[in-house]
Amino acid sequence: MMAPLAKIFGGIGTVLVTLLLIGFVLPSTWSAEASIQIEVDPTEIFPFLDDLDRWDEWTNWGDIESTVSFPSRGVGASRTWDDPNFGAGSVTITGSEPTTLVRYEVEVGGGASVSGELRIEAREGGSRVTWREDGNLGRNPMMGYVARGMGKFQGAQLADGLEKLRYIF
């Protein structure tokens, strides 16, 4: 009776160890990008991208209890949070080129990080806004599995935020 149970539990253990080892070799990085055409000049859009307080108007950040620094815009502006659903972390604007580009870094508890940029290109009849993020979920072997779908998931979030931005205008 013990031999069949030992084989079953041994098989389950082998599968779990194999999944864990595969998780160690899977990349923990991901990338996502979304773009949208907005029929206004870049000078009208830029203030919404360069001010973390205004991100509440067009991103999901308004759903998270957080604290925004003063000043809330430009290089060095930051937002920090410690939310039971989203964990603890911060976002900091690391680069700002008026009317064309905002760069930021996100640090999340557990070793995950995101580098992002919001780029505005003047186009005839308006502006093209491109939002790009590159993330690293750290060395947790289970995060390799999460990273495989993160680009698609985050890409949908970026596209949703850009649609909300377009509705402002």
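Where is Pro-71 found? Pro-71 sits in the loop between β2 (66–68) and β3. The peptide bond from Phe-70 to Pro-71 is cis, with omega near 0 degrees. Most peptide bonds are trans.

**The model**

This is a predicted model, in which local features need pLDDT of at least 70 and side-chain atom pairs count only at pLDDT 80 or more, while totals for chains, interfaces and linings use all residues. Residues are numbered from 1 along each chain as its sequence is written, and side-chain values use heavy atoms, with hydrogens and water left out.

**The whole chain**

The protein chain has three helices and seven strands. Helices (H or I, at least four residues) and strands (E, at least two) are DSSP runs, numbered from the N terminus. Along the sequence, the pattern is α-β-α-β-β-β-β-β-β-α.

Buried residues make up 38% of the 169 residues. Buried means under 20% relative accessible area, exposed means over 50%, and partly exposed lies in between (1.4 Å probe, protein chains only). The accessible surface of the protein chain comes to about 9700 Å². Carbon and sulfur atoms hold 59% of that surface. These areas come from the Shrake-Rupley method with a 1.4 Å probe; for residues, only the protein chains shown count as cover.

Now for contacts (heavy atoms within 4.5 Å). Take those between residues at least 6 apart in sequence: 52% join residues at least 24 apart.

**A buried arginine**

Arg-79 lies in strand β3 (residues 78–83). Is Arg-79 buried or exposed? Arg-79 counts as buried because its relative accessibility is 2%. A polar atom of the Arg-79 side chain lies 2.8 Å from the backbone oxygen of Leu-52.

**Hairpins and loops**

Strands pair if DSSP finds at least two bridges between them.

| Pair | Bridges | Residues between strands | Glycine with positive phi |
|---|---|---|---|
| β5 and β6 | eight | three | Gly-110, near 95 degrees |
| β6 and β7 | eleven | two | Gly-125, about 85 degrees |

Strand β6 covers residues 112–123, and strand β7 covers residues 126–136. Val-106 stands opposite Val-114 in β6. The bridge partner of Ser-113 is Asn-136 in β7.

Thr-99 has a positive phi of about 65 degrees, although it is not a glycine. Most residues other than glycine have a negative phi. Thr-99 belongs to the loop between β4 (87–97) and β5 (101–108). Thr-99 is partly exposed, with a relative accessible area of 27%.

**The largest pocket**

Rolling a probe the size of a water molecule over the atoms shows where empty space is left. A pocket is found on a 1 Å grid over the protein atoms alone: an open set of points with protein on both sides within 12 Å along at least five of seven lines. Lining residues have an atom within 4 Å of a point.

How much space lies in the largest pocket? About 660 Å³. The largest pocket is lined by 26 residues. Trp-61, Ile-64, Phe-86, Met-150 and Gln-154 lie nearest its centre. β5, β6, β7 and α3 (143–168) each supply at least two lining residues. The largest share, eight residues, comes from α3.

Technical notes. A polar contact is a pair of N or O atoms within 3.5 Å; within protein, one must be able to donate a hydrogen and the other to accept it, and residues adjacent in sequence count only if both atoms are side-chain atoms. On a 1 Å grid over the protein atoms alone, a cavity is a set of points where a 1.4 Å probe fits but cannot get out, and a pocket is an open set with protein on both sides within 12 Å along at least five of seven lines; lining residues have an atom within 4 Å of a point. Grid points are joined across faces, edges and corners, and a volume is the space filled by probe spheres set on the points.
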